[in-house]
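Please look through the structure shown below, and keep it in view while the paragraphs that follow lead from one residue to the whole protein.

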Amino acid sequence: MSSTPAPAPASESPTEGAEKTGLRGFFGNAELLIVILLGIVSVATAWVSFQAALYDGQTAKALSLSQSTTAEAESLYLEGNQEYVQDSQTLARLTELQAQIDAGDPIAAEVYDALYFVAVSEHFGAAIERTDAINAADTEFYTSPLDDEEYQSVLFGAYAEKSDEAVALIAEADELDGRGDWLTLTTVLMAISLFLLGVAAVVRSRRVQYSLIVIGSAIFVFAAAIMLTIPVTWV
């Protein structure tokens, strides 16, 4: 009794067979996949390390500028405060002489004029004139020329500007330092990814290899996502 031969399986087209063979060959060759991933992660790690170094340099520069600006602001404050103290003493002496003038002392008027000419600066004199007008209009409250806003601005305006500049530089340094810290964390994560991929290259078990590849790649993708949130710098 003759047996009926089984039908021959349908043959795949040459193109379809080549595609399946190519994909299987690529994903089935774990060593090749590991080498490609190691190259990508190594380049990314070097780039992130370079960016972190640039941000560290920018942080140091901003801190140095903030320190010099703070010192300059303190110098301007001391200069303005010294003039303020001198003007306070001058105002006290002028007030005393004015009382003597009101009492009818003829010499006090000459001393007053001489002291005013020598010791009163232009901006302090303008403050005295403004506050004299205010005090003449309102006799219940005394307004001191030392509290005049324009006078205070002349003495301490430059200090305030430099102080604000120093604060802005410190804030900038903190922001740059934070970016550098995130990039450093990214470098550490990519180093872990490199370690796992390196281990995967030497193990024999395919299951272990692909497990390490998946874990290492996932860590790298997470690190790359952090890296992309940090602006690129070139200075």
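Which residues does Ser 66 touch, not counting residues up to four places away in sequence? Ser 66 touches Ala 166, Leu 169 and Ile 170, where contact means heavy atoms within 4.5 Å. Ser 66 has its place in helix α2, and with a relative accessible area of 3% it is buried, a word that stands for under 20% relative accessible area, while exposed stands for over 50% and partly exposed for what lies in between, with a 1.4 Å probe and protein chains only.

Before going further, note that this is a predicted model, in which local features need pLDDT of at least 70 and side-chain atom pairs count only at pLDDT 80 or more, whereas totals for chains, interfaces and linings use all residues. Residues are numbered from 1 along each chain as its sequence is written, and side-chain values use heavy atoms, with hydrogens and water left out.

Taken as a whole, the protein has six helices and zero strands, where helices (H or I, at least four residues) and strands (E, at least two) are DSSP runs numbered from the N terminus. Of the 235 residues in the protein, 28% are buried. Among the contacts in the protein with a separation of 6 or more, 73% come from residues 24 or more positions apart.

Consider next how the helices lie against one another. The axes of helix α2 (residues 30-102) and helix α5 (residues 149-200) come within 6 Å and cross at roughly 165°; axes here are lines fitted to C-alpha atoms, for helices over the stretch in contact, and angles run from 0 to 180 degrees between N-to-C directions. Helices α2 and α5 are therefore roughly antiparallel to each other, since angles over 145 degrees count as roughly antiparallel, under 35 as roughly parallel, 65 to 115 as roughly perpendicular and the rest as oblique. The contact of α2 with α5 has 30 nonpolar, 19 polar and eight charged residues, where Ala, Val, Leu, Ile, Met, Phe, Trp, Tyr, Cys and Pro count as nonpolar, Asp, Glu, Lys and Arg as charged, and the others, Gly among them, as polar.

Helix α2 also meets helix α6 (residues 206-229), and the axes of these two come within 11 Å and cross at roughly 25°, so α2 and α6 are roughly parallel to each other. The residues of this contact divide into 13 nonpolar, two polar and two charged. Among those that meet are Trp 47 in α2 and Phe 220 in α6.

Aromatic rings give another way to read the model. A search of the whole structure finds seven aromatic pairs, and rings of Phe, Tyr and Trp (its six-membered ring) pair if their centres lie within 6.5 Å, with planes under 30 degrees apart counted as stacked, over 60 as edge-to-face and the rest as tilted. The rings of Tyr 77 and Phe 156 have their centres 5.6 Å apart and their planes at 35°, so this pair is tilted. It links distant parts of the chain, for Tyr 77 is in helix α2 and Phe 156 in helix α5, 79 residues apart. Tyr 77 counts as partly exposed at 36% relative accessibility, whereas Phe 156 counts as buried at 15%. The rings of Tyr 112 and Tyr 116 have their centres 6.2 Å apart and their planes at 25°, so that pair is stacked. Both Tyr 112 and Tyr 116 lie in helix α3 (residues 106-119), four residues apart, about one turn of the helix.
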